[in-house]
Amino acid sequence: MTTRLYTHPIYLEHLTTPGHPERPDRLRAIERALDDEAFEMLDRAEAPMGDERTILYAHPESFVESVRRQVPEAGLARIDGDTTLSPKSWQAALTAIGAANAAVDDVFAGKADNVFVASRPPGHHAEKTTAMGFCLFNNAAIAARHAQRTHGAERVAIVDWDVHHGNGTQDIFWDDPSVLYCSTHQMPLFPGTGAKSETGVGNIVNAPLAPDTGSDHFREAFRSRVLPALDSFAPDLIIISAGFDAHHRDPLAEINLTEADFDWATGQLMDSAARHSSNRLVSLLEGGYDLHGLAFSVAAHVSRLMKG
């Protein structure tokens with residue numbers, strides 16, 4: 001398999017408050033993990049700056065401009081108690097979008113079978129008109145729309161295994177049958193959404209996991225809900241909202257996964273992509289706040305992407 005990695009130094013310049021879990025050290029830990037000789041064949045590329053107009057694929061212009069206006073010239077500005085802006089946050093967010101869209105371009109053009117985007121800020125909590133949960137804009141939603149508008153994809157699936165439910169992605173695609181959204185997540189937990197009964201127009205598949213469960217429950221949720229939904233939907237592209245905060249070391253949740261679980265889930269989604277979407281798969285970094293757990297899990301994820 002040809003696997004491409006997109007990242008950029010600008011992501012380190014999106015700053016958060018001292019002690020904040022979503023911090024630049026997350027990407028430094030990933031970079032160290034992927035510097036191992038096992039990843040010598042990984043196709044590395046610098047993430048491009050995104051086209052601001054593509055943000056409008058998922059968010060109204062009034063919201064985009066409100067975020068832009070809040071970016072401070074110095075110091076930090078708070079959107080809410082969890083979500084901050086610093087002077088370089090706009091450039092970082094736009095480059096995260098640029099990388100996600102470039103990854104979509106790559107898999108449709110055959111430049112890569114799959115792509116992992118190591119970017120920040122994350123995106124899956126960003127609703128149509130609300131930035132929240134460390135997220136400014138919804139990178140996965142914008143990338144899905146980019147696949148549809150630029151490459152003619154009729155059906156795009158977003159699979160979210162972050163331990164927190166992607167309320168933003170669900171909000172954006174709630175009544176859109178052309179996008180399937182599947183999520184495994186701890187419940188109850190922030191943001192409080194993601195019940196099985198939340199189904200949109202039949203395109204939303206939530207598989208909540210109880211606290212203190214682990215591999216068996218996670219894999220069963222994939223087997224019984226996520227994978228059958230993908231087979232029924234037959235997507236032209238699979239996008240992973242790849243949060244690694246369901247790892248047993250993570251401080252923000254109580255799901256006890258290991259690197260082996262992320263390796264397994266990656267392989268399952270690659271098999272689905274092989275059946276339905278000519279191997280086209282794009283993975284976008286979301287959460288993961290224990291640096292060791294994050295690094296180990298990303299290494300397992302990318303290794304599986306490379307091996308097929």
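Helices (H or I, at least four residues) and strands (E, at least two) are DSSP runs, numbered from the N terminus. The model is predicted, so that local features need pLDDT of at least 70 and side-chain atom pairs count only at pLDDT 80 or more, whereas totals for chains, interfaces and linings use all residues. Residues are numbered from 1 along each chain as its sequence is written, and side-chain values use heavy atoms, with hydrogens and water left out.

**View 1. The annotated span, residues 20-304.** An unreviewed UniProt entry carries the annotation "domain: Histone deacetylase" for this span; UniProt positions are given in the numbering used here, feature names are shortened, and such annotations may be inferred rather than shown by experiment. Residues 20-304 are 39% helix and 15% strand, and their end C-alpha atoms lie 30 Å apart.

**View 2. The open sheet of eight strands.** The strands follow the order S2-S1-S5-S10-S9-S6-S7-S8 with parallel pairing, two strands being paired if DSSP finds at least two bridges between them. Strand S2 (43-46) and strand S8 (204-209) stand at the edges with a single partner strand each, so one side of each is left without a neighbour in the sheet. On average, neighbouring strands of this sheet are turned by 15° against each other, direction ignored; axes are lines fitted to C-alpha atoms, for helices over the stretch in contact, and angles run from 0 to 180 degrees between N-to-C directions.

**View 3. Strands S6 and S9, with helices on the sheet.** Five bridges join strand S6 (residues 156-160) to strand S9 (residues 237-242) in the parallel sense, and Ile158 has Ile239 in S9 as its bridge partner. Helix H3 (residues 89-109) packs on the sheet, where it touches S1, S5, S9 and S10 (contact means heavy atoms within 4.5 Å), and its direction makes about 170° with that of S5.

**View 4. The salt bridge between Arg120 and Glu22.** A salt bridge is a side-chain nitrogen of Lys or Arg within 4 Å of a carboxyl oxygen of Asp or Glu, and the structure holds 15 of them. The side chains of Arg120 and Glu22 meet at 2.8 Å, N to O. Arg120 lies in the loop between strand S5 (114-117) and helix H4 (139-151), and Glu22 in the loop between strand S1 (3-7) and helix H1 (25-34), so the pair ties together parts that are 98 residues apart in sequence. Arg120 is buried at 0% relative accessibility, and Glu22 is buried at 1% (buried means under 20% relative accessible area, exposed over 50%, partly exposed in between; 1.4 Å probe, protein chains only).
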